[in-house]
Amino acid sequence: MNDAVKHQSRTQLALAAFRRNRAAMLCFWVLAVLYGLAVFADVVCPYSYQDEDRDFSYCPPTAIEFMDHGHWVRPFVYKRTLTFDADHRRDYVIDRHTKYPLRFFHAGRLFTVDRPGRLYVWGADARGRDLFSRIWYGARISLSIGLLGVAISFALGLLIGGIAGYYGGWVDAVLMRLCEMFMMIPGFYLMLALRAAVPENFNYVEVYISVVVILALIGWASLARIIRGMALSLRERDYVLAAKTFGVPDLVIIVKHILPQTISYSMATLMLTVSSYILAEAGLSVVGLGIQDPIPSWGNLLSDAMSIVPVIFAPWILLPGLFIFIAVMCFNVIGDALRDAFDPMVEGSSIEN
Amino acid sequence: MSNFDPLLSLEELTVKAGKKTLVDRVSFNVPRGGIVAVAGGSGSGKTTIGLSLLRLLPCALRIRQGRMVFEGRDLLGLSDEEMRRVRGARIGMVFQEPLSALDPLFTIGGQMDEVLAAHTALSKQERHKKILSALDEVGLPDPQRAYRSFPHQLSGGMRQRASVAQAIVTGPSLIIADEPASSLDVTLQAKIMELFIRLKRKNIAILLIAHDLAMIARLADEIVVLCKGQAVEQGPVSKVMADPLHEYTKALLEAAV
């Protein structure tokens, strides 16, 4: 063991171990891209989330053409017109004589086409809105709601669990009964009930905040119970007694000497909880209780796919589900990797001789 | 309060766990700048006395009787918050095993800073200076380096010095040292004893909880011999050691030779 290695703090060691985990790093970069696209949705997307054109209902993905009569030209799209076939099904006919060139860095957007042309990279929804744009605008809601909810329920869970475990006795008893009150109701139904208690005339910001709070209220209890169990054993450590003999205030002892020891567990749980909150938000929105149309979220985008007919004729409306899947997967893999990285008992996570 | 009053005066301290008596009417005084040793085998209640003084007994143990007058105030009459301000600020503690008494996740400097921050309104720089001078005072060769070190990076002797530094950084008048040298080898024990003598010269009183009579003979002025929670013999060290009256003291002395 050389001196350079010896001087690393635990966080540095854990980060180094995390970086060595290829799958986790891949997931990290995938999430970084998803969050990046969400943040820059205004630029990246060709249309705003409510830019609709009913003439293009369920228009299939538009192919971007690069070749015209065998020559490389500036990328363009062909005109499409809506017709109906013999069975009265929508059929978009490509008109190879009318072309709309792609305009880059136009009107504050990375790429778009001039009207009356429409560019549907990943197809359109029932009202002719661009699914590509709506997915990245929706990512803003779906990806942030999990993080915010987790921030609140972790602050609550860690603090309440830490306090209950550290003090024990009646404090512990009262706080744990409170946790059990939240845990005994099945999560999804508690969520529905809480959501029902929210006034229906809320605007979308208020709905967003109430969904965050609802998610946070559901998640903190199980975390608090486990942190409490860990705190019960950690408070017997000599250095906790030592801190007490030095008159360090209880809250400082809980925050600095007890909670950091739970990091390998809480890091993993944090990531798993983010993903379960993303799913919970999607669940609320799918049944129409989350963020309301026209504001998109991955959940309410998927609610279009609740009936079978659109899914058969416009399978691209399932795409938001794919992104939910990717985001949830990535958070889970990262959570797993972080737990290993912070756990000195796991092979390869700590100092390599 | 006159200067002749003892710094700490324990009167008839009784600690019970349920019906079982762990400390039975123990009384002794610790003068300012004096070293008083509490000796006894394991289970004799000596650590219980140390923790009673700080009111940090495990919840099953209760102080049933007695007074603990420290700097003119009965510690048993203080509120929890007043008691917290005594701990660390007026009474420091040194533990047997410094490696487990120091949080492995924090540097020595960080842990000492926490104690100072809990008791003083000093700025970050002032605290830093104070910590370095405390680390220097306990004889750590490179205080700057010790400040930045994690507990596992220091040797056993240096760790124990660091934990003594943590106990004196706020300038307390009493240090409770619970078997401070038992985890160290003989040469390091001698160094820690020298350190305690230096602290004594600075008018810091020490309540030495130990079973090692050789160490007590070198350091302490007075001795209280505990057996099954009772103070079976107490008085000046030289007198008790030269002429033990109680069987248990004799047995302890024989075991030490």
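Visitor: Which residue forms a salt bridge with Glu114(B), and how far apart are the closest N and O atoms?

Guide: Glu114(B) forms a salt bridge with Lys256(A), and the closest N and O atoms are 3.0 Å apart. The term requires a side-chain nitrogen of Lys or Arg within 4 Å of a carboxyl oxygen of Asp or Glu. Please bear in mind that this is a predicted model, in which local features need pLDDT of at least 70 and side-chain atom pairs count only at pLDDT 80 or more, while totals for chains, interfaces and linings use all residues. Residues are numbered from 1 along each chain as its sequence is written, chains are lettered from A and ligands numbered from 1 in the order in which they are written, and side-chain values use heavy atoms, with hydrogens and water left out.

The pair belongs to the interface of the two chains, where the count is one salt bridge. Chain B brings 25 residues to this contact and chain A brings 19, contact meaning heavy atoms within 4.5 Å. The size of an interface is often given as the accessible area lost when the parts come together. Here the buried area (accessible area for a 1.4 Å probe that two parts lose on being put together, summed over both) is about 2,000 Å², 64% of it on carbon and sulfur atoms.

Eight residue pairs are in polar contact between chain B and chain A, both residues being at pLDDT 80 or more. In such a pair, N or O atoms lie within 3.5 Å; within protein, one must be able to donate a hydrogen and the other to accept it, and residues adjacent in sequence count only if both atoms are side-chain atoms. At least two residues each on the touching side of chain B come from strand 6 (91-94), helix 3 (98-101), helix 4 (108-119) and helix 7 (156-168) of chain B. These elements are DSSP runs numbered from the N terminus, helices being H or I of at least four residues and strands E of at least two. Helix 4 of chain B gives the largest share of that side, with four residues. By class, the side of chain B that touches chain A has 15 nonpolar, six polar and four charged residues. For these classes, Ala, Val, Leu, Ile, Met, Phe, Trp, Tyr, Cys and Pro are nonpolar, Asp, Glu, Lys and Arg are charged, and the others, Gly among them, are polar.

Within chain B, an assignment that is automatic or from a database gives domain 1 (1-90 + 174-182 + 201-257) and domain 2 (100-171). The C-alpha centres of domain 1 of chain B and domain 2 of chain B are 26 Å apart, and their contact takes 10 residues from domain 1 and eight from domain 2. These two domains of chain B bury about 670 Å² between them, with 47% on carbon and sulfur atoms. Gly88(B), Ala89(B) and Ile175(B) supply 44% of the area that domain 1 of chain B buries against domain 2 of chain B, more than any other three residues. One salt bridge is counted between these domains of chain B: Glu137(B) with Lys202(B), at 3.1 Å between the closest N and O atoms.

The buried area between domain 1 of chain A and domain 2 of chain A is about 880 Å², carbon and sulfur atoms giving 63%. Two salt bridges are counted between these domains of chain A. Asp293(A) forms a salt bridge with Arg129(A), with 3.3 Å between the closest N and O atoms. Four residue pairs, both at pLDDT 80 or more, are in polar contact between the two domains of chain A.
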